[in-house]
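Welcome! Take a moment to look over the sequence and the 3D view, and then we can walk through some features together.

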Amino acid sequence: MREITFERKNIRVLVGKTAEECAEFAAAFVTAQMAGQKAFKLGLATGSTPVLLYRELIKKNQAGEIDFSGVNTYNLDEYYPIDPKDAQSFREFMEENLFRHVNLPPENIHIPCGNAPDGKEEAKRYEKELCDIGGVDLQVLGIGSDGHVGFNEPDSIFPYETHTTALTEQTIRDNSRFFESEDQVPRNAITMGCGAIMRAKKCILIATGKNKAQAIHDAILADPAPSCQASVLQFHQDTVFVLDEDAASLL
Ligand code: GLP
């Protein structure tokens, strides 16, 4: 990994040659943060990018290098409405790609409920849960090609609280690869707002591929603006970006 530093910006950027190298680095980073912690609060992301990281964490857990028994996990978002048991739900995505393969107690899993009777009430419930913990110890993030974090889509503000949101056409297109067809992609979601993300003690944002290069440029080099929600991280106390060369190509 090579490091890029920026004058007067509190952002660390590590660049790897491949997505696999990035995932190995990110897994070592998460492992180091979890080491010796009794009640670690780990924020999680979905999408294809973190899958390689989760595979590394499963390997480390099965090798006894990390222990999830005392960890509480908090996911960024969930489609709404969707049945949590639906193969395309983020809950099922997490079960398939991490939860089912590590010793994480099911009662320690926290994620917006996709089939709660009222989305706005569920957002309020999740926001209270996130406020009550004060902030996760480490938030894993991906980034959308439009610069979204969680489902905080390009907006005129940085939404503070957990909220329901409509997905942009770009996000629906990007996420349709997980569905039979684009019209099956849910049009709404419940997402952590920027407040919960900014309360994280540390953030690690992973991005790979040319299609993320502009979003990464806007997140780190452009003036912070809600048109690129990830740019809020320029004000975060401790964020590291882990990128492959393609995603870092405009830095
Ligand atoms: C979804 C998720 C985001 C994720 C983004 C990028 O919109 N809500 O949390 O970062 O997709 O996904 P991918 O890593 O597949 O590019």
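This is a predicted model: local features need pLDDT of at least 70, side-chain atom pairs count only at pLDDT 80 or more; totals for chains, interfaces and linings use all residues.

How far does a polar side-chain atom of Arg177 lie from an oxygen atom of the ligand? The distance is 2.3 Å. Residues are numbered from 1 along each chain as its sequence is written, and side-chain values use heavy atoms, with hydrogens and water left out.

**Around the ligand**

The ligand is surrounded by 14 residues, the closest being Ser48, Thr49, His148, Arg177 and Lys212 (a residue counts if one of its heavy atoms lies within 4 Å). By class, this shell holds three nonpolar, eight polar and three charged residues; Asp, Glu, Lys and Arg count as charged, Ala, Val, Leu, Ile, Met, Phe, Trp, Tyr, Cys and Pro as nonpolar, and the others, Gly among them, as polar. The table lists polar contacts, meaning pairs of N or O atoms within 3.5 Å.

| Side chain | Distance to a ligand oxygen atom |
|---|---|
| Thr49 | 2.5 Å |
| Arg177 | 2.3 Å |
| Lys212 | 2.5 Å |

Taken alone, the ligand exposes 390 Å², and the protein buries 94% of that (Shrake-Rupley method, 1.4 Å probe).

**The sheet**

Eight strands make up an open sheet with mixed pairing, in the order E1-E2-E11-E10-E7-E3-E4-E6. Here strands are DSSP runs of E with at least two residues, and helices are runs of H or I with at least four; two strands pair if DSSP finds at least two bridges between them. Strands E1 (2-4) and E6 (109-110) stand at the edges with a single partner strand each, so one side of each has no neighbour in the sheet. Strand E7 (residues 138-141) runs parallel to strand E10 (residues 202-207), joined by four bridges. In E10, Cys203 is the bridge partner of Gln139.

**Two loops**

Tyr80 and Pro81 are joined by a cis peptide bond, with omega about -5 degrees. Pro81 is placed in the loop between strand E5 (77-79) and helix H3 (90-97). Arg8, in the loop between E1 and strand E2 (11-16), has a positive phi near 65 degrees.

Conventions:
A polar contact is a pair of N or O atoms within 3.5 Å; within protein, one must be able to donate a hydrogen and the other to accept it, and residues adjacent in sequence count only if both atoms are side-chain atoms.
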